[in-house]
Amino acid sequence: MSSVGIIGAGRIGQAMARIALRAGRSVVIANSRGPESLTSEVSALGDGVSAGTVQQAAAAGIVVVAVPWPRVQQALEGLEWSGQIVIDATNDFDPSDLDGRTSSDVVADLVRGARVVKAANTLAAAVLGSDPQEAGGQRVIFLSGDDIDAKAEVISLFGDAGFFTIDLGALITGGAMQQLGAPLAGVNLIRLSGAN
């Protein structure tokens, strides 16, 4: 899988574009305003990134959802999903609207036919997009999902970009640990070289 589509061109979307580029992937980045509105972002991100429609971003092998939580449903409306891997990088800042579910469980309902992996939502955008090689080690990314092959692809993406990944298990149980206010939200861990 050489291409990564990113729905959302804000700070998290741009951080994920940098990660994909660092991993040697090409990137199609999209927002609700259309490709012509992304000229400065594409220019800043550099070679390997192109602006596209949301439909073009959603056609990539790996698709990152990086829009503010209140816009998730609208951003995903009308898209077709047939086996793509969807990285849910969203955070619901007011989980009272989830009725006890995890945000990833809600996203999975919105992208039926895709394989959802929760990742890249526990770090601030500036940290996420920076060089993961730090203090003699690698920045840690947490992920969770129900599809083993999808998780392997996401682990490969982050690994190729220089991160160390920790698999938290199933989408709902692992996602619950990553949500805002949960134990891993905002935790910036570095795995030191030589650690087992």
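Which side chains meet in a salt bridge at 3.5 Å, N to O? They belong to Arg115 and Asp147. A salt bridge here is a side-chain nitrogen of Lys or Arg within 4 Å of a carboxyl oxygen of Asp or Glu. This is a predicted model, where local features need pLDDT of at least 70 and side-chain atom pairs count only at pLDDT 80 or more, while totals for chains, interfaces and linings use all residues. Residues are numbered from 1 along each chain as its sequence is written, and side-chain values use heavy atoms, with hydrogens and water left out.

**Salt bridges**

- The structure holds 8 salt bridges.
- Arg115 counts as partly exposed at 23% relative accessibility, and Asp147 is partly exposed too, at 24%. (Buried means under 20% relative accessible area, exposed over 50%, and partly exposed in between, using a 1.4 Å probe and protein chains only.)
- Asp167 and Lys151 also meet in a salt bridge, at 3.0 Å from N to O.
- Asp167 sits in strand E9 (residues 164-167) and Lys151 in helix H7, so this pair ties together parts 16 residues apart in sequence. (Helices, H or I with at least four residues, and strands, E with at least two, are DSSP runs numbered from the N terminus.)
- Lys151 is buried at 8% relative accessible area, whereas Asp167 is partly exposed at 40%.
- Arg101 pairs with Asp109, with their closest N and O atoms 2.5 Å apart.

**Strand E4 and its neighbours**

- Strand E4 (residues 62-65) is covered on both faces: Ile62 and Val64 are buried on one side, Val63 and Val65 on the other.
- E4 pairs in the parallel sense with strand E1 (residues 3-7) over 4 bridges. (Two strands pair if DSSP finds at least two bridges between them.)
- E4 also pairs in the parallel sense with strand E5 (residues 85-88), again over 4 bridges.
- Val63 stands opposite Gly5 and has Val86 as its bridge partner in E5.

**The largest pocket**

- The largest pocket has a volume of about 750 Å³. Of its 38 lining residues, the closest to its centre are Gly8, Ala66, Val67, Pro68 and Arg71.
- On a 1 Å grid over the protein atoms alone, a pocket is an open set of points with protein on both sides within 12 Å along at least five of seven lines, and lining residues have an atom within 4 Å of a point. Grid points are joined across faces, edges and corners, and a volume is the space filled by probe spheres (1.4 Å) set on the points.
- Helix H1 (11-22) gives the largest share of the lining, 3 residues.
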